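This report covers a predicted model.

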Amino acid sequence: MIIAQISIFMTHLSNYGNDRLGLYTFKSLVMFLQTWTNLKMQTLPPIQLAQKYFSLFPSERDPLWQDPCEDKRHKDIWSKEKTCDRFPKLLVIGPQKTGTTALYLFLGMHPDLTSNYPSKETFEEIQFFNGHNYHRGIDWYMEYFPLPSNTSSDYYFEKSANYFDSEVAAQRAAALLPKAKIITILINPADRAYSWYQHQRAHDDPVALKYSFRDVITASHESPVKLRVLQNRCLVPGWYAIHLERWLNHYHSSQLLVLDGQMLKTEPASIMDKIQKYLSLVNVINYHKILAFDPKKGFWCQLLEGGKTKCLGKSKGRRYPDMDHESQGFLREYYRDHNIELSKLLYRMGQPLPSWLREELVHTR
């Protein structure tokens, strides 16, 4: 007696999808069973088969792309034209509005570091591990990076600031890039929330234009859905310890570097020295000589020949009114426990507390 009423045959996609041998093999197997056994075999069109499969195994609806070079069987069937050296070794994961674009610019100034090609949809960010782009596969992802130059100092990186608080990005990144190094930048979560609100206002978000910042952060569960969505995007990324724990579930603490966003803003060259040491780069660059403070912009920029500077775009470094005292008090209380947990987590990781976090902890006593 046969217990299993449904059998699912699988093969490597590279073979089955591109080689007729796979189809021929399955067809021949079915004909053999029909001819020499009494089994009554039935099948369904591919779409119905897929629906049946995912009804049985709903957890497998989303793929989990793994490093093809970690498994000899996968590497053997992979095209010889492809190489895992084309994958990034560094991910700058965010969160948003903490200085990731500035860091992206500074990293790109280093001769050993090469960023991804820009995206037509999301500019300098690929946003692969956190959203719908992930389903486009690793070949799509790989095309965003240049072919290796066979130089030992090549070090690819990408920055997608919404990886940080994504519920799926850490697991997906670790499956494909298990040896990658991860950098995150943290500023006071209250300032980050306010900056995101002002960012949305500058981009004419009707909700941000309609409601004050205090209205947004204090909205109740009965508030309109769009208001609560904006509230979540302001507040939830600031749950730093929770999001870092998710990444530490998939990466060793030695692979994750936490940067002080306030120090990146005031002493970027010192931060870049720290990063170069962390990445063990072949060439060490003196960022003190290639960065200059632009008083008109109000932040540090790339120093060009002739004393000119190359700064971030017009949309970066906006000045906006100070946060009102009521909102400051609300957010200090709101993030109190989150900041305490962050201090414990950083201590466990053996990493120093950012200056803004030390200041916030003083207020919790």
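## Helix α14

The expected span of a helix is 1.5 Å times one less than its number of residues. Helix α14 covers residues 268-279, which is 12 residues. At 1.5 Å a residue, α14 should therefore span 16 Å. Its end C-alpha atoms are 16 Å apart, so the two values agree.

Several residues of α14 are buried: Pro 268, Ala 269, Ile 271, Met 272, Ile 275, Gln 276, Tyr 278 and Leu 279. Ser 280 follows the helix. The phi of Ser 280 is positive, near 55 degrees.

## Nonpolar cores

In soluble globular proteins, nonpolar side chains tend to be buried together. Here, the largest nonpolar core holds 43 residues. Those with the most contacts inside it include Phe 87, Phe 128, Tyr 141 and Trp 247. Among the elements that give two or more residues to this core are β1 (90-94), α7 (169-176), β4 (181-186) and α16 (336-349).

Leaving aside residues up to four places away in sequence, Phe 87 touches Pro 68, Trp 78, Ile 138, Tyr 141, Met 142, Tyr 156, Leu 176 and Leu 177. A second, separate core has 29 residues, including Phe 106, Phe 157, Ile 185 and Leu 279.

## Packing of α8 and α11

Helix α8 (residues 189-202) packs with helix α11 (residues 225-235) at an angle of about 135 degrees. Their axes are 8 Å apart. The angle makes α8 oblique to α11.

From α8, the contact uses Arg 192, Ala 193, Trp 196, Tyr 197 and Gln 200. From α11 come Leu 230, Arg 233, Cys 234 and Leu 235. Six of the contact residues are nonpolar, one is polar and two are charged.

How values were computed. Residues are numbered from 1 along each chain as its sequence is written. This is a predicted model: local features need pLDDT of at least 70, side-chain atom pairs count only at pLDDT 80 or more; totals for chains, interfaces and linings use all residues. Side-chain values use heavy atoms; hydrogens and water are left out. A nonpolar core is a set of buried Ala, Val, Leu, Ile, Met, Phe, Trp, Tyr and Cys residues joined through side-chain atoms within 4.5 Å. Buried means under 20% relative accessible area, exposed over 50%, partly exposed in between (1.4 Å probe, protein chains only). Helices (H or I, at least four residues) and strands (E, at least two) are DSSP runs, numbered from the N terminus. Contact means heavy atoms within 4.5 Å. Axes are lines fitted to C-alpha atoms, for helices over the stretch in contact, and angles run from 0 to 180 degrees between N-to-C directions. Angles under 35 degrees count as roughly parallel, over 145 as roughly antiparallel, 65 to 115 as roughly perpendicular and the rest as oblique. Ala, Val, Leu, Ile, Met, Phe, Trp, Tyr, Cys and Pro count as nonpolar, Asp, Glu, Lys and Arg as charged, and the others, Gly among them, as polar.
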